[in-house]
Amino acid sequence: QVRLVESGGGLAQPGGPLRPSCAAPGYTDRVDTMGWYRQAPGLQRELVAAITSGDVTNYADSVKGRFTISRDNAKKMVYLQMNSLKPEDTAVYYCNADLLVAGTGVVYGYWGQGTQVTVSS
């Protein structure tokens, strides 16, 4: 059973950094696009950043210049370096990855369980 596991969320002060990461334990096949989404209370889930297998990145306007997405293809991991955090970045952050479903050749978008990021003084 493929699953994604996030870690590295938590509490940060305004202006501070956090670096959540996401892994796919036991998954050894190729990974296509990986991304981070977030959902604040009462709001829809939104894309924060995404990175293709060719390292092409895409960012929400609200995080450009502050957040950096990266990936380690050997470890099947994706990271989100968040700098200059603002209270409005507070949300549950979800990892998403396009992975092959074993034995099918079909690529499916898997989600992690989410990690809480709270920015507050």
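Residues are numbered from 1 along each chain as its sequence is written. In this predicted model, local features need pLDDT of at least 70, side-chain atom pairs count only at pLDDT 80 or more, totals for chains, interfaces and linings use all residues, and side-chain values use heavy atoms, with hydrogens and water left out.

**Stop 1: strand 9**

Select residues 91–100, which make up strand 9. Strands here are DSSP E runs of at least two residues, numbered from the N terminus. Is this strand enclosed or open? Eight of its ten residues are buried, so strand 9 is largely enclosed by the rest of the structure. Buried means under 20% relative accessible area, exposed means over 50%, and partly exposed is in between, using a 1.4 Å probe and protein chains only.

Two strands count as paired if DSSP finds at least two bridges between them. Strand 4 (residues 31–39) runs antiparallel to strand 9, with seven bridges, and Y37 has Y94 as its bridge partner. Strand 11 (residues 115–119) is also antiparallel to strand 9, through three bridges; look for V92 with its partner Q116. Strand 10 (residues 107–111) makes five antiparallel bridges with strand 9, and here A97 stands opposite Y110. Strands 9 and 10 form a hairpin with six residues between them, and G103 in the turn has a positive phi of about 80 degrees.

**Stop 2: the disulfide**

Next, select C22 and C95. They form a disulfide with an S to S distance of 2.1 Å, and the structure holds one such link. The criterion is a pair of cysteine sulfur atoms within 2.5 Å. C22 sits in strand 3 (residues 21–23) and C95 in strand 9, so to speak two distant parts of the chain, 73 residues apart. Both C22 and C95 are buried. Which hand does the disulfide have? The torsion about the S-S bond is about -80 degrees, so the disulfide is left-handed.

**Stop 3: W36 and its two sides**

Stay at C95 and show W36, its bridge partner across from strand 9. W36 also stands opposite A49 in strand 5. Strand 4 and strand 5 (residues 46–51) run antiparallel and are joined by five bridges. Their hairpin has six residues between the strands, and G42 takes a positive phi near 80 degrees there.

**Stop 4: salt bridges around D89**

A salt bridge is a side-chain nitrogen of Lys or Arg within 4 Å of a carboxyl oxygen of Asp or Glu, and the structure holds five of them. D89 pairs with R38, their closest N and O atoms being 3.0 Å apart. D89 lies in the loop between strand 8 and strand 9 and R38 in strand 4, so the pair ties together parts that are 51 residues apart in sequence. D89 and R38 are both buried.

D89 also meets R66 in a salt bridge, at 2.8 Å from N to O. R66 is in the loop between strand 6 (57–59) and strand 7, and this pair links distant parts of the chain, 23 residues apart. R66 is buried, as is D89.

For another setting, jump to D61 and K64, a salt bridge with closest N and O atoms 3.1 Å apart. Are these two residues buried or exposed? Both D61 and K64 are exposed.

**Stop 5**

Select R71 in strand 7 (residues 67–72). The side chain of R71 reaches the backbone oxygen of I51 at 3.2 Å, and a polar contact of 2.7 Å joins it to the side chain of N73. A polar contact is a pair of N or O atoms within 3.5 Å; within protein, one must be able to donate a hydrogen and the other to accept it, and residues adjacent in sequence count only if both atoms are side-chain atoms.

Finish at K76, in the loop between strand 7 and strand 8 (77–82). K76 is buried without a salt bridge, and the nearest side chain of opposite charge, D29, is 6.7 Å away. The backbone oxygen of D29, however, lies 3.0 Å from a polar atom of the K76 side chain.

Terms used:
Helices (H or I, at least four residues) and strands (E, at least two) are DSSP runs, numbered from the N terminus. Lys and Arg count as positive and Asp and Glu as negative; His and the chain ends are not counted.
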